[in-house]
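Here is the note you asked for on the model shown below. Please read it with the coordinates open.

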Amino acid sequence: MERRDVLKLSAVAGAAGALTLGSVTFASAEERAGGGEETKKVTGHLPTGSPDFVYLPVEVPRGVREIAVSYTYDKPAVPAGTVGNACDIGIFDERGTDLGGRGFRGWSGGARTEFAISAEQATPAYIAGSVNSGTWHVVLAPYTVAPQGLNYEVTVTLRYGAAGETPEPVYPPHRAKGRGRAWYRGDCHLHTVYSDGKRTPAQVAAEARAAGLDFITTTEHNTQSGHGAWQGLWGDDLLILTGEEVTTRNGHVLALGIEPGTFIDWRYRARDNAFGRYSRKIRQAGGLVVPAHPHATCVGCNWKFGLNDADAVEVWNGPFTPDDEVTIAEWDNTLVASVRGRGRWLPAMGNSDAHSPGQVVGLPQTVVLADDLSREAVQEGIRAGRSWIAESSAVNLAFGVNGGRGQHAGIGGRLAVDAEETVTVHLEVSGVPGCSVRLITDQGQLYAVQLPAEGAGTVEWRTTPAYAAYVRAEVRRAPADGGASGMPGALVALTNPVFLGKE
């Protein structure tokens, strides 16, 4: 295909606009009877404002053993404050590019410049399987485009010969031994070399065990290829759940605990009104819908789809930063709305989003009260809000509210007593030296106390449902600026609320 040869502008059904280029054609099987390989290069230019997805059709003949793709694009200097070029890549096979269809064969985003697929194996982030004849599509996704535009070159190589056997994937089991009904620690937002992470699955599993975790979820960007990469890494002590970080142009959402091998599409924006369809697909696959880092500052990371379709929300992502503070404040507002009868409340989660060495697996971690260490039990605990977030496994707490006649409600529960009845909020905490406790209600912070220097203590506070419709606890460090800004210090632990009063 000639440079800049753009044949038609089309739209993927229900998705943001897509540009379809002219087809790349190769020799027939008869012409390549002797085997070998054939390579074609395509160059082109994309202006600022290009569609989200640019499809390059590749006509694959019979007799192909492997397809290999590489690409490059220019990165010209741009004026200060202006975004430059960034372009992702992936591929769909002969079954097509329909949203949510069966043709998806892999996505590496901007993490790789080349990949290959055969029946026997595939580059991490891609799906091994036969290279069948038909129209395949290499997809370029110009994430941001410089004012000068983006010049690209795509190289496609077909290697001819007899196809091998595709190995059957081995997926993690849905249950580990566990301790019966207990508090289990987990990190549900992790990346490996199967998307843009720098660790292998074996390294992540080892670091999860070192961090004192009981369960983890693998959440690669826009691909399920890593679901079968954990063989031999689970055990009685570690439950491994499969998921995906669905990385759209209007925010990222964690599909937690979906059935292994499930692919969730990401090719839509908030304006396309498609997210409800894919949140339902996540649930149909046994997963939870959890918007990730809703106020992160990276391009495309801000969550624009609303929270109506969510099961929980990630309020703390990695080392605590100001965008987490904003997310917690927004989440607390949803709690206030829920007690006023304006919708349901969403549980809070915290995860590391660890990609590379130096980013700590389990910082933070979600601690879940579950009936056993299984996919279903852990997810039910998260969905019900029976969970709290900790900086590390060194942090321990117990939080609940007691009524005057022996009633008790724990995290995520409700103490159904009369509005004027006095109740006692009780918190035990350890492993948090140099920290203070804040008790937050629908009125805001109503109680705060400094913990003993050794970082362990018991806090009690009395209130009534008429005064506080819910109460939750935060454990924080001293502010880095000594309190001059009026901002609280970094979080060390945060609980989901206990609701007070009859519904």
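1. Basis. This is a predicted model, in which local features need pLDDT of at least 70 and side-chain atom pairs count only at pLDDT 80 or more, while totals for chains, interfaces and linings use all residues. Residues are numbered from 1 along each chain as its sequence is written, and side-chain values use heavy atoms, with hydrogens and water left out.

2. Largest pocket. A pocket here is an open set of points, on a 1 Å grid over the protein atoms alone, where a 1.4 Å probe fits, with protein on both sides within 12 Å along at least five of seven lines; lining residues have an atom within 4 Å of a point. The largest pocket holds about 520 Å³, a volume being the space filled by probe spheres set on the points, which are joined across faces, edges and corners. Of its 21 lining residues, Ile-127, Ala-128, Pro-167, Pro-169 and Ser-225 lie nearest the centre.

3. Second largest pocket. Its volume is about 360 Å³, and of the 21 residues in its lining, Asp-88, Tyr-143, Asp-196, His-221 and Thr-247 lie nearest the centre. Strands S8 (104–109), S10 (134–144) and S14 (239–248) each supply at least two lining residues, and S8 gives the most, with three; strands are DSSP runs (E, at least two residues), numbered from the N terminus.

4. Nonpolar cores. A nonpolar core is a set of buried Ala, Val, Leu, Ile, Met, Phe, Trp, Tyr and Cys residues joined through side-chain atoms within 4.5 Å, where buried means under 20% relative accessible area and exposed over 50%, with a 1.4 Å probe and protein chains only. The largest core has 34 residues, and Ile-67, Val-69, Ile-91, Val-138, Tyr-152, Val-154 and Val-156 have the most contacts inside it. The largest share of this core, six residues, comes from S11. Apart from it lies another core of 30 residues, among them Val-367, Leu-427, Val-432 and Leu-500.

5. Thr-113. This residue sits in the loop between S8 and strand S9 (114–118) and is exposed, with a relative accessible area of 52%. Leaving aside neighbours within four places in sequence, Thr-113 is in contact (heavy atoms within 4.5 Å) with Val-69, Ser-70 and Tyr-71.

6. Leu-99. The loop between strand S7 (86–92) and S8 contains Leu-99, which counts as buried at 8% relative accessibility. Leu-99 and Glu-314 are 215 residues apart in sequence and 26 Å apart in space, C-alpha to C-alpha.

How values were computed:
Helix = DSSP H or I, 4+ residues; strand = E, 2+ residues; numbered from the N terminus.
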